[in-house]
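Hello,

Here is the structure I promised to hand over. My notes follow below it.

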Amino acid sequence: MEQGKIILDKGKFQLTLERLSYELIENHGDFDNTCLIGIQEKGVLLAERLTQLIKKNNRKAKFDYGKLDITFYRDDFRRRTTPLSPSNTEIDFLIEGKNVIIFDDVLYTGRTIQAAMNALGDFGRPNRVELVTLVNRRFNRHFPIKADYEGINVDALDEAYVKVEWKEDDKEDRILLFAGKDKKN
Amino acid sequence: MNGQLSTKHLLGIKHITKEDIQLIFHTAENFKEVINRPIKKVPSLRDVTIANLFFENSTRTRISFELAEKRLSADTINFSAAASSVKKGETLLDTVNNILSMKVDMVVMRHPAPGAPQFLADRIDANIINAGDGTHEHPTQALLDAFSMREKVGELKGKKIAIIGDIKHSRVALSNIYCLKKLGAEVVVCGPPTLLPKHIESLGVNKSYNLKETLEWCDIANVLRIQLERQDIQYIPSKREYNQYFGLNLSLLNSLKSVPVIMHPGPINRGIELDSDVADSEYSIILQQVENGVATRMAILYLLASREKIEY
């Protein structure tokens, strides 16, 4: 199997998360009227790690936290060869009039975020929505979507595949770049 | 997790696998969350048109399917035989082909003739969902029953489930038996000898003629309606006598060591198979069954639709 190139190792991974948490605290203070929502499945891992850091770095921070599954909102339903099975959505609050921060591990074509924003509309009309992503792949965006908080920027060919590994699932925090898409698992 | 049903149609539980059933449950759990939101709707099936063809009366199933379709954003058309050209002598195949030529993708059908959905599935292109065919199968009811049981008592493997009442005329009973056996449950059918089919044991279930013993044994009792409209001859001496021997009432339940969960697919004949003091008691999950019906049907429609790749 092809070896991926490590583009962010364990140490820098942690630093990047710390920086993102401080950026969020800088803009949102105590997170008054703000809710944080992770997109299933990998965005939830990012959101959980960052919510822990935010609470550690600002003890006064208080916010609603939820998980959003976008399977039923995807624009490739009946266009994929293999259907996707959904994960849980756990949002037990309304986002009406709130500031919403959504989290995903990789921002690439922007289709996931587009679906997520459609899905969010079913929980109320948010005041504003911001996006946090750990990896911003700058090429081949399909929609006019931009992240407000970015971990690292990656400029890679379309054939390449970026994989974020988490210590919860893969033993170690790191980000890998594979040259060919077929190495996706 | 990826998942695809092994079948293009849902004609009966007999033809689907245990994995199909589990995939439907997994998907239904997520739809149950959707239908408890303030906006109970997702856009998945917005380019799908579904025809609901009811050649036989129905309240719950029909409303449940229609709600499931609307909550998936599908377009729906409703058809009931009573007010249609069926009365003028049009055949089933002609009726359905005419509807399909108006660009319909899926057909939900209830029909008094056993095998009618199979007949259509062999001849037309759309996905067919059996919403009850005569005394044969009622797969969506069995799936929502099993989903509700699982919600109440956990995985069904090894669980003891009794199906009580008019087994002979019940499509719900047959679909329930197939579904529960595939999930590894132990099943007993209980009722008067005239209403238990001969050779029912060949499906892997046990028979009982004693209601109290059966209730003592089981974790869940699924009580079925006496289908007087399908009974061509007298199978029971009287409704009153049936109620005395096979009807559930609260004093009977209170005399048990432990009371099973009580289910009923509806419509209930109050005072015949189920007395009101049981139907409205804390033991009954009849209304949860109805709620789960919408989520389960959403899962089935979603999964069947997802098999078809769209081409423009």
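The largest cavity is lined by Thr71(A), Arg74(A), Asp76(A), Phe77(A), Arg78(A), Arg79(A), Arg80(A), Pro83(A), Leu84(A), Tyr302(B) and Ser306(B). A cavity is a set of points, on a 1 Å grid over the protein atoms alone, where a 1.4 Å probe fits but cannot get out; lining residues have an atom within 4 Å of a point. The lining of this cavity divides into four nonpolar, two polar and five charged residues. Here Ala, Val, Leu, Ile, Met, Phe, Trp, Tyr, Cys and Pro count as nonpolar, Asp, Glu, Lys and Arg as charged, and the others, Gly among them, as polar. The largest cavity holds about 90 Å³ of space. A volume is the space filled by probe spheres set on the grid points, which are joined across faces, edges and corners. The structure has one cavity of 30 Å³ or more.

Before going on: this is a predicted model, where local features need pLDDT of at least 70, side-chain atom pairs count only at pLDDT 80 or more, and totals for chains, interfaces and linings use all residues. Residues are numbered from 1 along each chain as its sequence is written, chains are lettered from A and ligands numbered from 1 in the order written, and side-chain values use heavy atoms, with hydrogens and water left out.

Next, the second largest pocket. A pocket is an open set of points with protein on both sides within 12 Å along at least five of seven lines. This one has a volume of about 560 Å³. Its lining takes in 30 residues; Arg60(B), Thr61(B), Arg110(B), Gly266(B) and Pro267(B) lie nearest the centre. Nine lining residues are nonpolar, 13 polar and eight charged. Domain 1 (13-137 + 292-307) and domain 2 (139-289) of chain B both give residues to this lining, so the pocket lies between them. The domain bounds come from an automatic or database domain assignment.

Two of the residues nearest the centre, Gly266(B) and Pro267(B), are joined by a cis peptide bond, with omega about -10 degrees. Pro267(B) sits in the loop between β9 (261-263) and α10 (276-279) of chain B. Helices (H or I, at least four residues) and strands (E, at least two) are DSSP runs, numbered from the N terminus.

Chain A has a cis peptide bond too: Gln40(A) to Glu41(A), with omega about 0 degrees. Glu41(A) is in the loop between β2 (34-39) and α2 (42-57) of chain A.

Best wishes
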